[in-house]
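Please keep the sequence and the structure in view while reading.

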Amino acid sequence: MMKSRMRQIMVGFAGMALVLALAACGSSGGGGGATGQAAAAQGPVQEVKLSMGDFFYDPKEVTVKAGRVRFVLTNVGQTAHRFAVRGEGGFDQSSKNVGAGRESTFEIDLGPGTYKMGCTLGDHEKRGSVGKITVTQ
Ligand SMILES: [Cu+2]
């Protein structure tokens, strides 16, 4: 009985040593990237003000850093608009409809890359309610 208990403890130690070894490996091999990502995730939320009109987005091009982004949307038009963001890998997220003259906020997490932003209501995109988001590391 004592012996098997000792064995359990030994196995436990071996497991911990393995975990520690893996952790050490991870931090020595390009650990900087992992730390950077964690910092981005916990960093301040970037705020972008955007006007939605009939039929345009202002600004048409937005550049942010990877992480959480809060879009402050102001509908300066005479009809409802929406703010949708689409990117690679089927990324597709949209705000609720924002009524004429209303303001709304819309928060999303964006990874590095290029995204399309546009109003998916009716034919608003065709008419000009579109733009581009560039997300840097
Ligand atoms: Cu619209």
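**Briefing on the predicted model**

In this predicted model, four strands make up an open sheet, arranged in the order E2-E1-E4-E7 and with mixed pairing. Its edges are formed by strand E2 (56-58) and strand E7 (103-110), each of which pairs on one side only. Direction ignored, neighbouring strands of this sheet are turned against each other by 30° on average.

**Overall make-up**

- The chain contains three helices and nine strands, and, when it is read along the sequence, these elements follow the pattern α-α-β-β-β-β-β-β-β-β-α-β.
- Of the 137 residues in the chain, 18% are buried.
- When contacts in the chain between residues at least 6 apart in sequence are considered, 58% of them join residues at least 24 apart.

- Strands of a sheet pair through backbone hydrogen bonds, in either a parallel or an antiparallel sense.
- Strand E1, which spans residues 46-53, runs antiparallel to E2 and is joined to it by three bridges; in this pairing Ser51 stands opposite Asp58 of E2.

**Pairing among E5, E8 and E9**

- Strand E5 (residues 84-86) pairs with strand E8 (residues 113-118) in the antiparallel sense, over three bridges, and the bridge partner of Ala84 in E8 is Gly118.
- E8 pairs as well with strand E9 (residues 130-136), again in the antiparallel sense and over six bridges; in this case Gly113 has Val135 of E9 as its bridge partner.

**The largest nonpolar core**

- In soluble globular proteins, nonpolar side chains tend to be buried together.
- The largest nonpolar core has 15 residues, of which Met52, Phe71, Leu73, Phe83, Tyr115, Met117 and Ile133 touch the most other members.
- At least two residues of this core are supplied by each of E4, E7 and E8, and the largest share, three residues, comes from E4.
- Phe71, one of the core residues named above, is in contact with Val48, Leu50, Phe83, Thr105 and Phe106, once its neighbours within four places in sequence are left aside.

- Leaving aside the neighbours of Glu107 within four places in sequence, the residues in contact with it are Val45, Arg68, Val69 and Arg70.
- Glu107 and Val45, one of these contacts, lie 62 residues apart along the chain, and their C-alpha atoms are separated by 8.8 Å.

Conventions. Residues are numbered from 1 along each chain as its sequence is written. This is a predicted model: local features need pLDDT of at least 70, side-chain atom pairs count only at pLDDT 80 or more; totals for chains, interfaces and linings use all residues. Two strands pair if DSSP finds at least two bridges between them. Axes are lines fitted to C-alpha atoms, for helices over the stretch in contact, and angles run from 0 to 180 degrees between N-to-C directions. A residue is buried if 20 or more other C-beta atoms lie within 10 Å of its own, exposed if 12 or fewer, and partly exposed in between; C-beta atoms are placed from the backbone. Two residues are in contact if their C-beta atoms, placed from the backbone, lie within 7 Å. A nonpolar core is a set of buried Ala, Val, Leu, Ile, Met, Phe, Trp, Tyr and Cys residues joined through C-beta atoms within 7 Å.
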